[in-house]
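Open the model in a viewer and keep the selection panel at hand.

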Amino acid sequence: MSEPLESSDPSRIAGFRLLRRLGAGGMGVVYLGRSDSGGLAAVKVIRAESAAEEGFRARFAREAELARRVDGPWVVPVLDSDAEAREPWLATSFVPGPSIAEAVAAHGALPARAVRVLGGLLAAALESVHEAGLVHRDVKPGNVLLALDGPRLIDFGIARDADDTALTASGLVVGTPGFLAPEQARGEPASSASDVFALGCVLAHALTGRPPFGTGAPDALLYRTVHDEPALDAVDDDLRPVVARCLAKDPAARPTTGEVRDLLAEDVPGSAADWLPDPVARMIAARSAESLALPDIEPTAVSGPAAEDDTGPRPGRRRLLLAGGALLLAAGGTGAAVWARGDGGKDDAGGERPVHVLGVHTTRTGDDARFGRVCERAAALAIAEHNADRRRAYDLKVRVVDDRGEAEAAREAARSLTADRDVVAVLGPVGEIPMRTASVVYGEAGLTHVSSTTGQNDYFVLSPKSSFQTASPHLALGGYIGLHAQVTKRLGRIGVVIDRAGRTPVQDQGSLLVAQWRDTLGGEVVPRVVAEGTDDGRAAVRSLLADGVDSFAYLGPLDATVRAARDLAEAGFTGPRWMSHQLYGSDFPRRAGAAGEGWYAVTAAVDAAAMDTKPAKDFTRAWRDRYGTAPEPYAAEAYDTVRMLLAEFARTVPAGARGRPARGALATRLAKAEYKGIGRTYAFGQYHGYDASSRGWADATYVHEVRDGRFRQLGTLSGLERAGRGEQGGD
Amino acid sequence: MTGWRPALSAASCALLLAGCTGGTDDGPATGTERPPSKRAGEGGGPAPSGSPSASAPGVGEPYTLAEDRAPRTRAEAVAFVRELPVRPDHFGAGYRKRVPYETDPGGWAVLDEDCVWQREPLPKSVLASLTRRLVLPASDGRGAVRVSVTVTVHASATEARRDMAVSLEEALRCPDQRLSATERVRGLTSRADPYTEQRSVVSEDDLIELGEYLVDGSKKARTFNWFKERVGPVTVAATARLGGGRSEAEENDVTLDVAKGVSFVSAEVDRSGESDADAEGKDQAEGNEPTEQGNRAGRTDSTGRTALSTGTAGTAGTGGAGGTTGASFAPASGPPGASAAARPTGAGR
């Protein structure tokens, strides 16, 4: 279970006296320690060389801070940490039980009932990890420890050892092949759904004694994870459907941790250790006893400065430990569970701060799910940054609700957030229809919410005080297509298709584009409106081609726009082509292939990774650090929105007061606030929409072109205008 | 480049707010008393009132008419539009029939390439189209309000959807339109809201235009409004030309009343699709008139219309996307009795 300390090991780290070595890896050593108050801890110490890597300390600090926010009975709590020490360290409660991997190796597969309990509690554990804004990324049998009262999830995302990455032919993969989700295996970022996949693997492993994708070389495991169905034949019939759903290739098809918990959690183990088979329970008891022995014995074994002695105390201590362990092992260890729980209750100093909650009203299904995902990520990042500030007056937590893009579910989601008095502000909703029903609920409750992804502009009628939008209105963005044509001197005869399958947002865009192009800019327009539920879009494109238009705007949903791109390409049309701004960041480049090259999206969404400013670079780096990818489209706006909300909220919190500010105060402040964000400066107009009338709107509208199969930011409208005049362009 | 600014015209903002107030007052109140009907308009089903009852299961469906209950032949369609109860007081107190009252259901108005409305025979996609002409006589210094109501039966719901698309397209294509030898419209803004988008409409699709009309020889522009709803394969449209002499608030009241009137007619179309038994039960349960009053509340919540008037100030100055759409124009001079223009899209210029 552990090794004695080596001569080079410190005897003490901050408030922990080190007792044993629990393990060592590429980045450092994990020790068993005892706190001054007597509790046992696992202290992970990072080697100075590892900590020298650029950005490591900041990341470590952030992750440690996030981990301290994880709060659940089935996760191992973080006790303390120090990112600034020469060798950064982090201490968690010590759980003496064996891991699932050890238990299964020693005693074979676990009975179905035990796995059912295990699954339900692990799902709850993951839920609390996700609620803290973390993704575990490495859920595996070795990271789940068994205690008599339930499992404990360890090692959530903090300062992962190099051992935890696998070097494969295709590159470095973080995590453990065989338990990694297909998206992780492909090198894509891990999400909470990836943890659910891993949970499915753990449950299958516990039920059958084997990982569902077998064992072998990492590459083979990854290949099987992506392409093969898991081996679930030996899985218990009752559990197979749940496990199979967790193992769905498509992250969106997997249940949430909450669903898994609900599906499985019929039995919660009581004080009696009857959820595990006897041999495993005995194994836990033995380990616990061995640990319990430590505090009793250690003070006599290591007394005074002898602890600093290189050689002196070691043999004696080892002997004593072995002896004590053997004694207690014989006695059995019924008190172990109590100990484990009691220690978990010990809180860190940060817990004394008040905690406020930011609601994230998201959508995880349908076309808007891609917007919802970035909103969730942006909120988690902004909150993590807040919580990493040592001078903060309060802590923030995120609470995510999903409306599935449905009106009624959105109403319910808003009600659940407004009913939670800890929620002080909300990011979202994501889609127009949820916004329509939810804004009323927020308005009635006086809970301030800001949507960064909706562009209809009449919500103030439903909720005149509490609802805000930071996205540009659809109307304005439609008009900006005309301005893009003007500044690039291509204001000819345009065919505009408004495909009503794209709903009223495309109508908004198209109406203004037509009017703008013709009446204000002086170009020629041939409009076509296509009825929803028909296949008339293609005929409209053909008729416009026959009409001799020299540029084109197809404003409709993705499928229809892709088809229009193909039809135009087939007809050899090479004039300027614009899509609805809502398709920026969509699958259009991939779906349309060569036919999509050269299409434009004119939008307020900035690609921060393509910008040179310091805020954009900082943001991009933070996003990469956290999510392993450049910020997705709409991430910068969602992040700015949260930061603006939090900045104004901070000003509503009375200094020194521990209470909660009145909800209404935030909306009053926000209405007058100005916030300098990554891509633009935010302020709200009379109707709480993004104030496009402020001078900088042309600096805040970006043109993206599909080039080489992806969206590329060409610059802002004003940048393109300057470039057109021969001045310096770009943004 | 100048800035872009959403600018609500005073008129429609008032209209909007009036609608919103009506909904807020009526929504919760009627919601509790509402019979278990599927009807959206009754009690303001889709209204953004936030009242729990507004979204209770079983309510919140739009006015519609199943194709298998709709007229299938021209003869049936003509009988349908003639028999449909369209009463002058649907549109407000004091309305009367104008003479001539009804047009020939075998023809309709089409906006030609030069943006002039022409009366033409019905295409194959339309089974019948009947326009009724109403007037609120002038009194107390307030000019007459002329309303033309057109009910059109299309060959299918798809054809009716195409007709709505054509109407929207016409508004974009022709910012200025000639109604008749003596009248034209200009400065119209338009938008259409499908029921599914939760914007407080009561039929499957709901189109609205607000603007002004001019009588040749007169320099004074007057208020012109146009509403059109789709109920399955049937479209119901009404134009309103307001005489002068009203305050802005009074004009808004008149306009809202016309919009409600269209919804009442839509409700009649919907009702026509119910079986006799259904209809009886419903009548006994709630009575006809209260139902319609309930519907008023729903219709009053025409909040979606805001964006209608959010044009642009600065850059665009396009507050009016322009144009009216194929609608019932029954000019004083006579012929094109008006009708919801209906043509298959493919036929477009």
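Start by selecting Lys44(A), which sits in strand β5 (residues 40-46) of chain A; helices (H or I, at least four residues) and strands (E, at least two) are DSSP runs, numbered from the N terminus. This is a predicted model, in which local features need pLDDT of at least 70 and side-chain atom pairs count only at pLDDT 80 or more, while totals for chains, interfaces and linings use all residues. Residues are numbered from 1 along each chain as its sequence is written, and chains are lettered from A and ligands numbered from 1 in the order in which they are written.

Lys44(A) counts as buried because it has 25 C-beta neighbours inside 10 Å. A residue is buried if 20 or more other C-beta atoms lie within 10 Å of its own, exposed if 12 or fewer, and partly exposed in between, with C-beta atoms placed from the backbone. An unreviewed UniProt entry places the feature "binding site" at Lys44(A); such annotations may be inferred rather than shown by experiment.

Next, select Gly216(A), in the loop between α6 (192-208) and α7 (218-227) of chain A. Gly216(A) has 13 C-beta neighbours inside 10 Å, so it counts as partly exposed.

Now select Leu358(A). Which residues have the most contacts inside the largest nonpolar core? They are Val43(A), Leu199(A), Leu358(A) and Ala379(A), in a core of 287 residues. A nonpolar core is a set of buried Ala, Val, Leu, Ile, Met, Phe, Trp, Tyr and Cys residues joined through C-beta atoms within 7 Å. Beyond four places in sequence, the contacts of Leu358(A) include Ala379(A), Ile383(A) and Val642(A); a contact means C-beta atoms, placed from the backbone, within 7 Å.

Colour chain A by pLDDT, the predictor's confidence in each residue from 0 to 100. The average is 82, and 84% of the residues score at least 70. Over residues 159-171 of chain A the pLDDT is below 50, and this stretch has 34 contacts beyond near neighbours in sequence.

Finally, move to chain B, where 8 strands form an open antiparallel sheet in the order β2-β5-β6-β11-β10-β9-β8-β7; strands pair if DSSP finds at least two bridges between them. The edge strands of chain B are β2 (96-102) and β7 (177-178). Select Arg178(B), which stands opposite Arg184(B) in β8(B).

Methods: Two residues are in contact if their C-beta atoms, placed from the backbone, lie within 7 Å.
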